[in-house]
Amino acid sequence: MVSKRLSHEAGHRRKFLAVIDETPECERAVAYAAYRVKATGGGLVLLFVVDAGDFKQWLGVEQIMREEAVAAAKAALDKFASKVREKLGIEPELVVREGAPTEEITKLIEEDQDISILVLAAGSSKEGPGPLVASIAGKTAAFPVPVTVVPQDLSDEDIESLA
């Protein structure tokens, strides 16, 4: 069941959620979401999901690996947040989660009822749009909010004109 979105009620605003990961196309998703926020007066949430499965097989160093992964996630979020602040004057919310990406995205959307749109970017490689886009595309009928998929090859000027 999808919880009611509160973004149009008093004291709330519509938020765009962009997922940060190691893919080159995620920068396009952040750019589109940031320009939409600027155009509509909404909010921007940047999420990095640390895959918890990466640590299970490394007994003894699991905690160190987890701490390093979280530190790398925070650094990646800070990098994108700095770009958004400098270019558009937007202060994004930064969120780090640990778990399976699709599950953590869904949980965050359920917890923050102001998130109204998930913005992803599709890679342009012959292998397909990327694992996150592919996994979410398979669940769109049951997904809690609309999903906008931004092509990786769009320039900042293209994105700004579309947003």
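In this predicted model, the largest nonpolar core holds 29 residues, and those touching the most other members are I20, V30, L44, L46, F48, I90 and V119. A nonpolar core is a set of buried Ala, Val, Leu, Ile, Met, Phe, Trp, Tyr and Cys residues joined through side-chain atoms within 4.5 Å; buried means under 20% relative accessible area, exposed over 50%, and partly exposed in between, with a 1.4 Å probe and protein chains only. Two or more residues of this core are given by each of β1 (15-20), α1 (26-40), β2 (43-50), α2 (62-88) and β4 (115-122). Helices (H or I, at least four residues) and strands (E, at least two) are DSSP runs numbered from the N terminus. The largest share of the core, nine residues, comes from α1. A second, separate core has 14 residues, including L47, V95, I109 and V145.

Contacts (heavy atoms within 4.5 Å) were also computed for I90. With neighbours within four places in sequence left aside, I90 is in contact with A34, V37, K38, L44, V84 and R85.

The chain contains five helices and five strands, which follow the pattern β-α-β-α-β-α-β-α-β-α along the sequence. The five strands form an open sheet with parallel pairing, in the order β3-β2-β1-β4-β5; two strands pair if DSSP finds at least two bridges between them. Because β3 (93-98) and β5 (147-151) stand at the edges with a single partner strand each, one side of each is left without a neighbour in the sheet. On average, neighbouring strands are turned by 30 degrees against each other, direction ignored. Axes are lines fitted to C-alpha atoms, for helices over the stretch in contact, and angles run from 0 to 180 degrees between N-to-C directions.

The parallel strands β2 and β3 are joined by six bridges, and L47 stands opposite V95 in β3. Helix α1 packs on the sheet and touches β1, β2, β4 and β5, its direction making about 165 degrees with that of β1. Helix α3 (residues 101-111) also packs on the sheet; α3 touches β1, β2, β3 and β4, at about 130 degrees to the direction of β3.

Of the 163 residues in the chain, 44% are buried. Among contacts with a separation of 6 or more, 76% involve residues 24 or more positions apart.

Residues are numbered from 1 along each chain as its sequence is written, and side-chain values use heavy atoms, with hydrogens and water left out. Local features need pLDDT of at least 70 and side-chain atom pairs count only at pLDDT 80 or more, whereas totals for chains, interfaces and linings use all residues.
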